[in-house]
Amino acid sequence: MTIEPMNHFTYFCTMNFSSKLLEDAVNEFSKLPGVGQKTALRLVLHLLNKEQEEVNQFGNTFIRLKQQIKHCSTCHNISDYAVCEICTSIKRDKETICVVEDTRDVMAIENTGQYFGVYHVLGGLISPMDGIGPSDLFIDGLVARMVHGGIKEVILALSPNMEGDTTLFYLYKRLKEFNVPVTTIARGIAFGGELEYTDEITLGRSIITRVPYETAMMK
């Protein structure tokens, strides 16, 4: 007789919870990306062993995050303020804009210590298969910054995958009319990779050795 392997769903369905409260807590944790039911159960039991004050602090941290977090009105990065600290810093080069997909990419580039301009966070990438078009991203805000003037270079630092390349091409067409150099990070990152998972040395080198978008397209 062949015994079918117990898959993830089967395991969860056969878990016998001693408490509905415990089951509900495990269900909520398992909704997080990359967290399965086993890990969720371990996390919940860990919290149960903590003092009440620690658990309250844990929960209140996320409540405050959701209630008080802001998005910079200039670059759309996640911030504690209406305009983020990068956009308001006098040490940043306001004439250079680095366009990225989301906050994780800002953090990855900042960790390299090789970029000193400002950012523009798109909030995603163009993906027709997922129903995400240009109007769903913060592209108009980028164009508005270009119209305002004072920009001498736009760096397109998007992940080298199909969605990233589609977005690169669209942005280049939108920005071409401003006669401002549009560059892209050097291809030190494997196709299909994501910036947030690229090591700091490779990412930093890719930013320093960035090339004009037209040159990158011919390779």
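1. Two strands are taken to pair if DSSP finds at least two bridges between them, and helices (H or I, at least four residues) and strands (E, at least two) are DSSP runs, numbered from the N terminus. On that basis, β3 and β4 run parallel and are joined by five bridges, with I97 standing opposite V118 in β4.

2. This is a predicted model, in which local features need pLDDT of at least 70 and side-chain atom pairs count only at pLDDT 80 or more, while totals for chains, interfaces and linings use all residues. Residues are numbered from 1 along each chain as its sequence is written, and side-chain values use heavy atoms, with hydrogens and water left out.

3. The pLDDT, the predictor's confidence in each residue from 0 to 100, averages 87 over the chain, and 85% of the residues score at least 70. Over residues 1–12, however, pLDDT stays under 50, and the model has seven contacts (heavy atoms within 4.5 Å) beyond four places in sequence for this stretch. Where pLDDT is low, the predicted coordinates should not be read in detail.

4. Strand β3 (residues 93–100) also runs parallel to β5, to which four bridges join it, and the bridge partner of T96 in β5 is E153. Strand β5 in turn pairs in the parallel sense with strand β6 (residues 182–184) over three bridges, where I155 stands opposite T183.

5. Both faces of β5 (residues 153–156) are covered, with E153 and I155 on one side and V154 and L156 on the other being buried, that is, under 20% relative accessible area with a 1.4 Å probe and protein chains only. Strand β4 (residues 117–121) is mostly covered as well, since five of its five residues are buried.

6. The β3, α6 and β4 elements make a right-handed β-α-β unit, and so do β5, helix α8 (residues 162–175) and β6; right-handed here means that, with the strands pointing away from the viewer, the path from the first strand over the helix to the second runs clockwise.

7. In α6, the buried residues are T103, D105, V106, A108, I109 and T112, and they pack against β2 (78–79), α5 (85–88), β3, β4 and α9. Just after α6, G113 takes a positive phi of about 70 degrees.

8. The axes of helix α6 (residues 103–112) and helix α9 (residues 200–208), as lines fitted to C-alpha atoms over the stretch in contact, with angles running from 0 to 180 degrees between N-to-C directions, come within 8 Å and cross at roughly 90 degrees. The two helices are therefore roughly perpendicular to each other, a class that spans 65 to 115 degrees. At this crossing, A108, I109, N111 and T112 in α6 meet E200, L203, G204 and I207 in α9.

Terms used: Buried means under 20% relative accessible area, exposed over 50%, partly exposed in between (1.4 Å probe, protein chains only). Angles under 35 degrees count as roughly parallel, over 145 as roughly antiparallel, 65 to 115 as roughly perpendicular and the rest as oblique.
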